[in-house]
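Good morning, and thank you for giving me a few minutes of the meeting. I would ask you to look at the sequence and the structure while I speak.

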Amino acid sequence: MALAGSGAISFANIRDEFSPGSNTSVSLSDYYRQGSKIRAKAGDNNGTHLASGVPTSGALSLSDYHGTGIGFQFTISSDATNQNLSTIFGDDYDLDYPKFVVINSGVTVGGTSTSTPAINVPSGGAGTITITNGGNIYGKGGAAGAVGGDAIVAATACNVINNGNIKSGGGGGGNGGAGGNGTASVNSALNNFTDIGGSQSGSNVPQNNAPSWFTAYGGDNDLNGQGAVANRKWRGINGNSPQSGGIGQTGEFTVTTSSTEFSANCANRGPLYFSFQLGTTGTYTVSGSINNGTYGSGYGSVVINISTSTSSKSQGQGGGDYTPGQTVNMNADTTYYYCANLTTSGNRDLYYNTFGAGFSLTTNSVTSGGSAGAGGAGASYNASAGSGSAGGSGGTNAGNGGAGGDGGALGAAGSNGTAGGNGSGTGISFPSTAPVNGSSGSSGGAAGKYINGQSNVTLTNNGTVAGNIA
């Protein structure tokens, strides 16, 4: 405690202030400033010398010691951040001489990151170190889900006298969980559809093309009827390319495209040969049948080949042979070649058949779950705790994202995020498994420490502390 600023003081008063614990006789010559009792202040010491008025030489009188004291004092009188005592006291930090930090009432000292405390007492300090807080010492708030910053970190022994508030940064609120993907029935777009087998010459006569791997029937490939049904001539896409002398109503001897399917039938053995692209990746169903009615021999079975190549039967995703009613997994924006033909045993005559084949454009598509809401930041020395944001809306039958948790107040943990909603719909495994449940929200971050380095701190608390301590 500093000597009185006026009135009588004694040699013993001077001895007890500058040589505490000593009972030796006093000679003022031992108490010059910059001597062994009253130490010099280093040039990079930002504190105030508490005995700056004591002469360094010459005549001394008892009045020279009025209002003086032992040590260096650094007073924080306006808001500040990231105070490091080694930087404050410079080369005197490791000097065995008292050091004081005083935070005035109404003043806030804050940490600007969770890795930098508001006040740092690093290792290497010497002498009695005392921090007297009359204001606020606050750590930095944690980001979403992160631990808050510390208020005081002490790696050197010190005294902390708290007459105000010492609080760690609040923990960040946990992020919400993403919504689970769902499924929804959609009709895929049918793009770049081409009738390769029936591509017409100037007279609309089909070219009867087939992929190079296809083994022709006993005779030529043929989409037109023959013999008794010679008037059942191929009519192209949606009947838009009729041949002279041909007959046929809507949907007969043609390939019909709609928003839900394409279907084709011819009065001969074909093959039906098309190329197309799909707008949606998914699982699709093929169809086919033989007409056993008038002029229908009923010979053979429908086989549908799907490939991404004209020279290989099983190229690409979904490549292979399929029978009517089977499903095939196919990618969007990929050119597929669809070849429907007849097979039979015993080399039966395949003429005079009316056979058809088709492809449903209806599939169950994955719908995306809503995005997770972000957790709010924890409270800091210069900011209130942030609120968690709402999760995003999911697509049809998909779950909404969970809300992020609110950031914690100074000295408090953040709230947990909420789970995302579950997806629903028909179960599929391609192109991914759906529907799925939403993910769990993440935990809120813990509060930081109001004192980190408890074993190095003697705390006298006359105010409020909040947060953890270690």
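Predicted model: local features only at pLDDT ≥ 70, side-chain atom pairs only at ≥ 80, totals over all residues.

Let me begin with the strands. As a reminder, strands of a sheet pair through backbone hydrogen bonds, and the pairing is either parallel or antiparallel.

Elsewhere the pairing is antiparallel. Strand E15, residues 255-257, is joined by 3 bridges to strand E16, residues 261-266, and the two run antiparallel. These two strands form a hairpin, with 3 residues between E15 and E16. Val-255 has its bridge partner, Ala-264, in E16. E16 is also joined to strand E23, residues 354-360, by 6 bridges, again in the antiparallel sense. Here the bridge partner of Phe-262 is Phe-359 in E23, and I shall come back to Phe-359.

Now the cysteines. How many disulfides does the structure hold? The number is 0. Consider Cys-266: the nearest cysteine sulfur belongs to Cys-339 and is 11 Å away.

Next, two individual residues. Is Thr-183 buried or exposed? Thr-183, which lies in strand E13, residues 182-187, is buried, with a relative accessible area of 1%. Leaving out residues up to four places away in sequence, Thr-183 touches several others, including Ser-365, Thr-396, Gly-425 and Pro-435.

Pro-324 sits in the loop between strand E20, residues 320-322, and strand E21, residues 327-330. At 34% relative accessibility, Pro-324 counts as partly exposed. Beyond its neighbours within four places in sequence, Pro-324 is in contact with Val-286, Ser-287, Gly-288 and Val-302. Pro-324 and Val-286 are 38 residues apart along the chain, yet their C-alpha atoms are separated by 5.5 Å.

Finally, the aromatic rings. A pair of such rings is described by the distance of the centres and the angle of the planes. The count for this model comes to 15 aromatic pairs. In one of them, the rings of Trp-213 and Phe-214 have centres 6.0 Å apart and planes at 70°, so the pair is edge-to-face. Trp-213 is buried at 19% relative accessibility, and Phe-214 is buried at 12%. Another edge-to-face pair is Tyr-338 with Phe-359, with centres 6.4 Å apart and planes at 85°. Because Tyr-338 lies in strand E22, residues 336-343, and Phe-359 in strand E23, this pair ties together parts that are 21 residues apart in sequence. Tyr-338 is buried at 0% relative accessibility, as is Phe-359 at 1%. Ring pairs link both residues into a cluster whose members also include Phe-193, Phe-262 and Tyr-284.

Thank you for your attention.

Methods:
Residues numbered from 1 in each chain as written. Heavy atoms only, no water. Pairing = 2+ DSSP bridges. Helix = DSSP H or I, 4+ residues; strand = E, 2+ residues; numbered from the N terminus. Disulfide = S-S within 2.5 Å. Buried < 20%, exposed > 50% of the residue type's maximum accessible area, 1.4 Å probe, protein only. Contact = heavy atoms within 4.5 Å. Phe/Tyr/Trp six-rings, centres within 6.5 Å; stacked < 30°, edge-to-face > 60°.
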